Structures are given as C-alpha cells and as structure tokens.
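Trainee: Could we go through this protein together? I would like to start with the overall fold and then look at one helix.

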Amino acid sequence: MPVVVTGAHLPLGRALVLALAERGVPDLRAVVRDRGGAAPLRAGGVRVAVSDLSDPLRFGAVLEGAHTVVHLDAGPGDGGGPLDTWAWLLEAAEDTGLRRIVTVLPHGAEVPPGDGRDVVVVRGEPPRSGETADSAMIRALVAADSRR
C-alpha cells in the first residue's frame, strides 16, 4: 500500500522518508518542491515527485492509489505548518483512494477534518529549516504509518 510523504525537502520529511525506506516500506513516494531536494532521497531508493501542493491535478496524480499520506509540507516559505496546506491536500486527494492522513500539529491545535479519511495526529513542533529532526517524532510518525 503506497505511502506518500509531503514536505520531503524539509528536515523532518527527509528524515522520515529515509527511515521509512530503511524499514522497507513498499512504494514509498516523496514530494519535494524543487529538484534540489530530490537527490538524497533518490540515492536512498525512493520515488520522488517534484510538485507544488497548490496544483491539485499534479499533486493528485502523486496521491493516486496511495493508502496513506504523511502531510508535513508547510506551504510556500515553510513558515507555517501543515494546516496551511490542508485544503490543498484534501482537494488533490479527491477520487484518489487515499484512506489515511498522518500529520504533525502543535499541542492544542484542533484536528482538521479528513473528509471521510482517517486522520492521525502526532503532537509536537516540527523542526524549522536548518534544525535537525527529533528522533522521537520520527519514531512516532513511523508508528503512525504502521497503524492499520
């Protein structure tokens, strides 16, 4: 069952994709915003799509047939969080078969609607550009992907 990770150009997304690849997750797809973020992921044997979440047709093609998306992309400039691009994700996911959305939200943030999909939230603050990803958060996201 395919798994898609958005925000794979960010420290947390990149670390998660590589951790999932090490675990042997089949049909792992990483989404980056520019080609520069693709090389280290491709070197790890991961399929990489260069896509902007604001383009629902292109991003929807990446989601096609996926069971789970781990949504970490914060949108343009990466100054926000996954909630800033949530509506784009739901629009792109229409008619793709996507069943689960996993994301990271700060403590106290309201869980957004999944439009009939299972939404799994890992609580915490994702690292910003230049920071390293917290191994506990990576483990929590890997475990969230494993829920069936």
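Predicted model: local features only at pLDDT ≥ 70, side-chain atom pairs only at ≥ 80, totals over all residues.

Trainee: In what pattern do helices and strands follow each other along the sequence?

Mentor: Start with the inventory. The protein has five helices and six strands. Read along the sequence, they give the pattern β-α-β-α-β-α-β-α-β-β-α.

Trainee: What is the radius of gyration of the protein, and how does it compare with the globule rule?

Mentor: The rule gives 15 Å for 148 residues. The protein comes close to that, so it is as compact as a globular protein of that length. Its radius of gyration is 13 Å.

Trainee: What share of the residues counts as buried?

Mentor: Buried means under 20% relative accessible area. Apply that cut-off to the 148 residues of the protein, and the buried share is 50%.

Trainee: Why do the buried residues of helix H3 lie on the same side?

Mentor: H3 runs over residues 56–63, and its buried residues are Phe 59, Gly 60, Val 62 and Leu 63. They lie on the same side of H3 because they cover only a limited arc around the axis, namely 155°.

Trainee: Which exposed residues sit on the face turned away from that buried side?

Mentor: Exposed means over 50% relative accessible area. On the face of H3 turned away from its buried side, the exposed residues are Leu 57 and Ala 61.

Trainee: Which helix do the buried residues of H3 pack against?

Mentor: Take the strands to begin with. The buried residues of H3 pack against S1, S2, S3 and S4. They also pack against a helix, residues 86–93, which is H4.

Definitions and conventions. Residues numbered from 1 in each chain as written. Heavy atoms only, no water. Helix = DSSP H or I, 4+ residues; strand = E, 2+ residues; numbered from the N terminus. Rg over C-alpha atoms; globule rule 2.2 N^0.38 Å. Buried < 20%, exposed > 50% of the residue type's maximum accessible area, 1.4 Å probe, protein only. Arc of directions from axis to C-beta. Contact = heavy atoms within 4.5 Å.
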